[in-house]
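Reader: Please walk me through this model. I want each term set against its rule.

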Protein chains: 2
Amino acid sequence: MIRHTALFKWTTEATDEQKAAVAAELASLPPIVPSIRGFVLGADVGVATGNFDFAVTADFDDEAGFFAYRDDPAHRDIISRTITPIMAQRVAVQFRF
Amino acid sequence: MIRHTALFKWTTEATDEQKAAVAAELASLPPIVPSIRGFVLGADVGVATGNFDFAVTADFDDEAGFFAYRDDPAHRDIISRTITPIMAQRVAVQFRF
């Protein structure tokens, strides 16, 4: 299995509505991207200083499954409409488990 | 549930042996930290540019479970002996799911 982990820091101008839209739109992906085996996301709960603001963890059988998710048109559309406009920083790792 | 996600970038001087020690030592924690419900970690597989080098995802029932892991003496010992000496950057998010 491959776990994709992506952590995001939002811009200071990002509104609560914009942040909520990212989570809501991404949550629509599992039913339409067949390669997704696990999909968990959420906003930072605020118990540690210096954290980023939002995380997505997505599990796949293999790298091909991750690529199918990464390149899915619905996913790319969500990224360009909801994530890119409020993204200050993004850090990711894909690892085998 | 709370998922803790921590992504690490190692220093350019970090050796393969040092990187492997981080994974091996952290993998010893689930049997000795009772609050851990899920624990998955690994080195970046290298399919995306700009990624960090290593990730840990750990699941807990609640924030208290995360704090117990964060503050566990065995965990702090692993951090100071194996992670801190080779860490260039660390980004984390804890989120509810």
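Predicted model: local features only at pLDDT ≥ 70, side-chain atom pairs only at ≥ 80, totals over all residues.

Author: Residues are numbered from 1 along each chain as its sequence is written, chains are lettered from A and ligands numbered from 1 in the order in which they are written, and side-chain values use heavy atoms, with hydrogens and water left out.

Reader: What makes a residue part of the contact between chain B and chain A?

Author: Contact means heavy atoms within 4.5 Å. By that rule chain B gives 29 residues and chain A gives 29 residues.

Reader: How do you know how much area chain B and chain A bury?

Author: Buried area is the accessible area (1.4 Å probe) that two parts lose on being put together, summed over both. For chain B and chain A that comes to about 2400 Å², with 67% of it on carbon and sulfur atoms.

Reader: Which elements of chain B touch chain A?

Author: Helices (H or I, at least four residues) and strands (E, at least two) are DSSP runs, numbered from the N terminus. Those giving two or more residues to this side are β1 (2-10), β2 (38-43), β3 (54-60), α2 (63-71) and β4 (87-96) of chain B. The most come from β4(B), with six residues.

Reader: How many salt bridges does the rule find across the interface of chain B and chain A?

Author: The rule asks for a side-chain nitrogen of Lys or Arg within 4 Å of a carboxyl oxygen of Asp or Glu. Across the interface of chain B and chain A, zero salt bridges are found.

Reader: What makes β1(B) and β4(B) antiparallel partners?

Author: Two strands pair if DSSP finds at least two bridges between them. Nine bridges join β1(B) to β4(B), and the two run antiparallel. B:Leu7 has B:Val91 as its bridge partner in β4(B).

Reader: What is the strand order in chain B?

Author: Four strands form an open, antiparallel sheet in the order β2-β3-β1-β4 (chain B). β2 and β4 of chain B each have a single partner strand, so one side of each is left without a neighbour in the sheet.

Reader: Which strands does helix α1 of chain B lie across?

Author: Helix α1 (residues 16-26) of chain B lies across β1, β2 and β3 of chain B, at about 10 degrees to β3(B). Axes are lines fitted to C-alpha atoms, for helices over the stretch in contact, and angles run from 0 to 180 degrees between N-to-C directions.
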